[in-house]
Amino acid sequence: MIPCAICMCMVQASFAAQPYAQEPYDPRFLWFMLAFLATLVCPFALLARSRHPEPVFWICLAATLLFPYDPLLMLMALCSLVARRSGVARTVRAVAAATPVAVWAQLRDALRPADASLWHLIFAKPYTGGVYGGDMVMLVGEPTIIITAVVVALTGVTVSVLCGLHIRSRARLHEADAKTRAAQHHAAHLQSDLDSQQLADAIAAEAHDTLAHSLSLIALNASALQAEANRLAHSVDPEAHHEPADPKETKRAAETVAAKADEIRRQAAGALDEAHSIIDMLRHPQQAWERLAPSDDTALTRESLTALLDDARQAGERIDTWIDIRQLGDLDENVGKVAYRAVQESLTNARRHAPGAPVSLEVTVGPETGVHVHASNPTDGIAGGSGAAASAGVPGRDARGGAGLPGLAARVQSSGGTCRYGFDDRRVFHVDVTLPWTTAGAVGPEAGSSTMHETGRAGDSRADRPRRVGTMKP
């Protein structure tokens, strides 16, 4: 840009100085020489057009107006101003000032004598005037030269403004693209954080479900073992009996203690395996979602429910059940896992806060009714029941400040269901979970034939199923 501006300004200044070339001491000739030398300085003002486009434009406009320069220098500055400053008033003011100056600069050259005008040289007959001697022969008249000069001036202003607007729009487009990429990067970062948080929540829920269940069974078996050991010690204490201990009774008590110890060992080993699984998920988060997917042990099946209930009963927990599951193969496995966790958490919660209390469990699954899990246990007169009564009815927290039931409620809600828990008017604690019936993505050939019915130890008829009493409070 700078060499082009220098060249055009030199050409105009040189043509303007031609009539005074024979009079070197004429003040006008000296002025034109000063203008010629200034052409080596003024165009370098364009270097500051990025930071100071408006001052550069007015400097170039003043130089074009004062010196016999071509308007190209001013038009370059105008283009930079329009491109870098978006104010409408500023743009209109600059265009309004540049238009008459550009027209005047072209007319100033077109109105000079033929030998001192670039426009006349353009329209002159070849090989006439100047170094060829004689007068310059024009191919067109003066009006055509003047009109052409004016049209070129106006066209130059228009092109400069359009180029500036184009550069401005392209810069805005690049800025918008940069902002879009930044927003996408930020959104991706937030999504990554959200995914990490969801994974952490899922791992925490899995750890609570598995470890809390196993550890509560260990604690319950340890209490039973302690009771059996105390009974055995009392039976063999010679000071506690007036007659010798029955060997068969002693043997039975010893076998019970050994069985309880073996059960604790087995459950401790299972809890250790579960802890290792949780640690592996933390070490390898890429594979964690695969590990958290429903499995045979956590799906709502006959085998998993039977194993869950058997473990609880072997630990001494009294459970009366009504289980009615129909078309199990059609149920989505993720919904089935949530239902399984609801049963597991209900039993774990009862063991922790109402040890020794009987638990009434109802599980009904079917396309017409959806998935319904209801568990209840009395708390009055049960050790630890007062602690549960103090906190289990508080929304967002269960007894002892735990997060088992609130976590279960969050998972149920994320699956489109509802979870309510609390005490009724008779101080019976209830956990009630309802999940929508969701059909699995791929239904097997025997999906419709999987049905499970079970009645618990309380009876063999539907009349013996546990009923909710009173009004459940949040």
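Helices here are DSSP runs of H or I with at least four residues, strands are runs of E with at least two, and both are numbered from the N terminus. This span comes from the UniProt record, an unreviewed entry, where "transmembrane region" covers residues 29-48, 55-83 and 145-165. The positions are given in the numbering used here, the feature name is shortened, and such annotations may be inferred rather than shown by experiment.

A word on the model. It is predicted, with local features needing pLDDT of at least 70 and side-chain atom pairs counting only at pLDDT 80 or more, while totals for chains, interfaces and linings use all residues. Residues are numbered from 1 along each chain as its sequence is written, and side-chain values use heavy atoms, leaving out hydrogens and water.

Back to the annotated spans. For residues 55-83, the end C-alpha atoms are 14 Å apart, and the span is 83% helix and 0% strand.

Axes are lines fitted to C-alpha atoms, for helices over the stretch in contact, with angles from 0 to 180 degrees between N-to-C directions. In α3, the residues P53, E54, V56, F57, C60, L61 and T64 meet L73, M74, A77, L78, S80, L81 and R84 of α4, where contact means heavy atoms within 4.5 Å. The residues of this α3 and α4 contact comprise ten nonpolar, two polar and two charged. Nonpolar means Ala, Val, Leu, Ile, Met, Phe, Trp, Tyr, Cys and Pro; charged means Asp, Glu, Lys and Arg; the others, Gly among them, are polar.

Next, α3 with helix α5, residues 88-110: their axes come within 10 Å and cross at roughly 20°. α3 and α5 are therefore roughly parallel. Among the residues in contact are E54, F57 and W58 of α3 and R90, R93 and A94 of α5. By class, the α3 and α5 contact has ten nonpolar, one polar and four charged residues.

Helix α1, residues 2-17, also meets α4: the axes come within 8 Å and cross at roughly 150°. C4, A5, M8 and C9 of α1 touch L72, L73 and M76 of α4. This contact of α1 with α4 has seven nonpolar residues, no polar and no charged ones.

Last, the strands. β4, residues 418-423, and β5, residues 428-435, run antiparallel and are joined by six bridges; strands pair if DSSP finds at least two bridges between them. F423 has F429 of β5 as its bridge partner. Four residues lie between the strands of this hairpin, and R427 takes a positive phi near 60°.

Technical notes: Parallel < 35°, antiparallel > 145°, perpendicular 65-115°, else oblique.
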